[in-house]
Amino acid sequence: MGTHNVDCMRDNEEFGALSRHGKLENEVLLERTSPNFAILRQHTLLHRVIVDGCFSHPDSSMAFTMRSLVASLQHAIPSEGLWDRGLSTVDVQRGGRIRMTPKRRSRTAPSLDAATKPRTVPVCSTSGRVNQIERTIYKIAATSKNSQIIHLKGIVTVGQRKPRPSVNEQLLDKLDLVADRLGLANILLQLVSTDIDPKTGAGKRSEPAVLRDWAEKGDVVAYKIQYTVEWKVPGGFGSPETIVVRNNHQNEFYLETVSITSSHDGSNTFFPCHSWIQSEKLSTYPAAERVFFSNRVYLPSDTPAGLKDLREKELKALRGDGKGLRKDWERIYDYDTYNDLGDPDKDSELLRPALGGNTNLPYPRRCRTGRPPTKTDPNLESREEVGGRVYIPRDERFEPIKESTFIDSCMKGLMHKLAPAMLARVKNTNFEFNTFGDIDRLYSEGLQSSFRSSSNHKRENSSGVVSVSSIPDFLRQLPFINSDDTFSKYPLPDLISKDKFAWMRDEEFARQVLAGQNPCAVERLKAFPPVSELDPEVYGPQQSAITAEHIEGELEGLTVEQALQDKRLFILDYHDLFMPFVEAINKLEGRKTYATRTLFFLDREGILKPLAVELSLPPAKRGERARKRVLTPGNEPTKYWLWQLAKAHVCSNDSGHHQLVSHWLRTHACTEPYVIATHRQLSRLHPISQFLRPHLRYTMEINGSARMNLIAADGVIASSLVNSDADAVTKLMFKLVGTLSLESCFTPGKYSMEISSAVYKQKWRFDMEALPEDLIRRGMAERDANSRHGLKLLVEDYPYAADGLLLWSAIEEWVADYVNIYYAEEATSIVNDYELQKWWAEIRYVGHADKKHEPWWPQLRTKEDLMQVLTNLIWIMSGQHAAVNFGQFTYGGYIPNHPCLTRKLVPEEGTPEFVDFTRNPQSFFLSTLPNPEQATAVMMIIEALSAHSPDEEYLGERKARWSSERAALDAFQKFTEKMRSVEKEIIARNKNPKLKNRTGAGVPPYELLFPRSGPGITGRGVPNSVSI
Ligand SMILES: [Fe+2]
């Protein structure tokens, strides 16, 4: 007796059990291995409707009804295999018999012979009856034109489940294993051909096949698990380029890939799925089936007939209807404004205006969640509860390994942040860094150093250590309190590990303008003195207070005019950005700031040096002069420390600009509409969707998380950790840490996002996001046909620009190679691509709706237009983001080097503050910087954000078999090799002693645009996407 017969017997036993409760008899209609059998079983046994007089399953306590059986069969069977075999209707009669009526004979239909007459067969028959039906079916097949049966074998790769499944998920997993083993609920896969089935007018469909061995591999623990599946299709079925998947389990699972090989000719079709498949019970529209296309792509006009309807249906499903509250498991991509940054229902102090959708505060759109409005203002969206997760489409969530790494990273950061937060609450006082040694101990001693109490301004050697015994009992339960504390030490930032005093040098201050964490703000000075564009009626005279006398002694004998003409003066100008907010910021508790301008001179060695800092405050009263103060470098002690304070205020402005503009706005917020529009308007069958796919990865998750945890008022870091399944210690830790947001870490406080909006309004232009255009606009480069990349850099040793142009050119070439494969020379090929046109229109008119009328938006009419747009997008998502993201800890991880917040103004002579300052300038300097709680908060954030995940994909890397097109694969191989040559060139540059901004004593090499990296904080590596 073979396996098949054993299965039949087992089935007979199960149905025999059924027959004792009802009128069903004997055994099943179809073999257990038949896909139709699985459908039959699922629709009969798992139907949850209970009606009087129905049959119940003795083991599962589930019930089915004759009514549900009819509905199920009519729903499922006709579109599956039986239909193809000539049965036009299936009707279940009382007594448990199925009446199957064959279709009428047609020209293309197979000859049905005896089967053409309506027949009635028992739903559960003897073994002989099964054979009789099977014989009839094969007889039908044998008389058709395409009588050959082709076996298609599939290898299905399923990803690891969540690293931290909830109790409920673990329970459902176990139930799914049992249900799968019993054949009560399986995962079914069905093939759809590129050819049309004349009977349905849609693509031909195979019978659904069961994913095998799910239960048998239930105990396997692996990163990926492979299963098998097998289909039989008639000859002439056509090319199976689509798979339809139905998950009858209760838990979701992650489908990575499916690879199908034909027994007929050995051909292979590959499906890069990479998607979470929800239980059929959760699915609403369009029915339960999930559609996956192979790695063969088509422009819309070339779509094979059999795939056209699925192409449309899939996009429609992803767009949704724009209504209702989005659920965690959904996969709908839609837009909304940033109207959820505040929490006015909790506290009126937490009211924040909506960004986007109004001319005063324009902003890009974010993912719509559909949460209800606040009670305070119906135009604002209520916040997600702590412990909840902001909705993003399910497939946008971090994959398990990324999620695990990110959570671990946040937990580690939490440890760092915990001690000062804890003490501040327990002792009800604020702590200060009294000496630089206090800061150093964060790296050398970790947590214990934070227990040094500095209240009452005790010095480090005084009795300020809080002993473990003085910590309340409940805190002593925390596992690390008595540990050796290695876990709570901060990693030493690269900058400081090489030269502890580097941050104090002016050359290093200037070098970071070109090679630090915010290398895209410096501009060439085109007129002297610098002039504001703000309204003089409100902000006083527009002219800067910096005069020639302030700087001419440092210009190597040049006059200011000569230095301007020689293009050797540069400026970091935050005057107009910050001035409108300074008054409001300075009214916030513990915040004091200026609008700063810093002038630099490029010396004959090609080194940038700071010349002067202008600190501006708005007029005390309307009509009065703005209060401007100019400070210059000096060696005399008072001048030296005042200069250090001035530089700290520049860094405070620069930190705000970096985080709110260069990083968040330009690379995170502005990118989200590209991601959403690509999913909504470009089918997975579209070549440009295939092209962009790796560049969309994780952006929506990190943005959603940032919206809830970082950029919102009163944000709570990593609230996803504090879900209902979090252990008590974790919950306690979060309670102690309290709120933690960008507002709490950066000088602009609650005005942070308004500053971001102001830049979007005044400065952001899609066309200027291109690196060459941005460099030209800032005066840092000029077009020069004889120079590499067609650009001459005004500061030759400008690491960000020099390496960025290497990447830009490589991306540009790769984009051109790819676009040329799929678009013909005729100009109409772009214009006639309706998916592409809708995609671009949606980015402009919906995703960036507040800027839709701007004249600078590129048109999308030619291949060159498309190449320009794509190069721009990929640069922003990869190189630009890497340049401003992964250097955060290197430069911001040591607070004195680049303070993110300032709490005191620079003291003026004749004031009590000036007396304090002269008495102890070091202490005054430290008290201007963030306090320990603020410092460790920002260190926690940037530590987590500066680290690469182990599953990071870098520029030049893609998932295997992403395309079926040889030319595309070859072009990508060329791009990958280009990345390797870029790496070699960057290594060579970092060894070149002439390039002093990337080599020299204590100077970290510039590696932020070095394509590859290992995991963790490495200060290098360019991921494909905005992934952290
Ligand atoms: Fe980022």
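Buried, as used in these legends, means under 20% relative accessible area. The structure shown is a predicted model.

**View 1. Strand β14 and its partner β11.** Strand β14 (residues 290–293) is covered on both faces, with Arg-290 and Phe-292 buried on one side and Val-291 and Phe-293 buried on the other. Strand β11 (residues 240–247) pairs with β14 in the antiparallel sense, over four bridges, and within this pairing Thr-242 stands opposite Phe-293.

View 2. The iron ion has as its protein donors His-663 (NE2), His-668 (NE2), His-881 (NE2), Asn-885 (OD1) and Ile-1028 (O), which lie 2.1 to 2.4 Å from the ion. Along the chain, these donors follow the spacing H-x4-H-x212-H-x3-N-x142-I. Distant parts of the chain are linked here by His-881, in helix α29 (residues 863–885), and Ile-1028, in the segment after β25 (1016–1017), the two being 147 residues apart. Both His-881 and Ile-1028 are buried.

**View 3. The surroundings of Asn-897.** Asn-897 lies in the loop between α30 (888–892) and α31 (912–919), and this residue counts as buried because its relative accessible area is 6%. The side chain of Asn-897 makes a polar contact with that of Gln-512, at 3.0 Å. Not counting residues up to four places away in sequence, Asn-897 touches Leu-495, Trp-503, Gln-512, Cys-651 and Tyr-891.

**View 4. The largest nonpolar core and a second, separate one.** The largest nonpolar core holds 180 residues, of which Leu-775, Tyr-798 and Trp-839 touch the most other members. Helix α26 (residues 799–822) gives the most to this core, contributing 15 residues. The residues that Trp-839 touches, leaving aside those up to four places away in sequence, include Tyr-674, Leu-692, Leu-860 and Val-869. A second, separate core has 26 residues, among them Val-158, Leu-191, Ala-209 and Phe-271.

View 5. Five strands form an open sheet in the order β17-β18-β19-β20-β21, with antiparallel pairing, and its edge strands, β17 (523–524) and β21 (627–631), each pair on one side only. Strand β19 (residues 595–602) pairs with strand β20 (residues 608–617) over eight bridges, and the bridge partner of Ala-595 in β20 is Ser-616. Helix α17 (residues 575–586) packs on the sheet, where it touches β18 (569–573), β19, β20 and β21, and its direction makes about 145° with that of β19. Helix α18 (residues 637–669) lies across β18, β19, β20 and β21, and runs at about 80° to β20.

Methods:
Residues are numbered from 1 along each chain as its sequence is written. This is a predicted model: local features need pLDDT of at least 70, side-chain atom pairs count only at pLDDT 80 or more; totals for chains, interfaces and linings use all residues. Side-chain values use heavy atoms; hydrogens and water are left out. Donors are N, O and S atoms within 2.8 Å of the metal (3.2 Å for Na, K and Ca); water is not among the atoms, so sites may look incomplete. Buried means under 20% relative accessible area, exposed over 50%, partly exposed in between (1.4 Å probe, protein chains only). A polar contact is a pair of N or O atoms within 3.5 Å; within protein, one must be able to donate a hydrogen and the other to accept it, and residues adjacent in sequence count only if both atoms are side-chain atoms. Contact means heavy atoms within 4.5 Å. A nonpolar core is a set of buried Ala, Val, Leu, Ile, Met, Phe, Trp, Tyr and Cys residues joined through side-chain atoms within 4.5 Å. Two strands pair if DSSP finds at least two bridges between them. Axes are lines fitted to C-alpha atoms, for helices over the stretch in contact, and angles run from 0 to 180 degrees between N-to-C directions.
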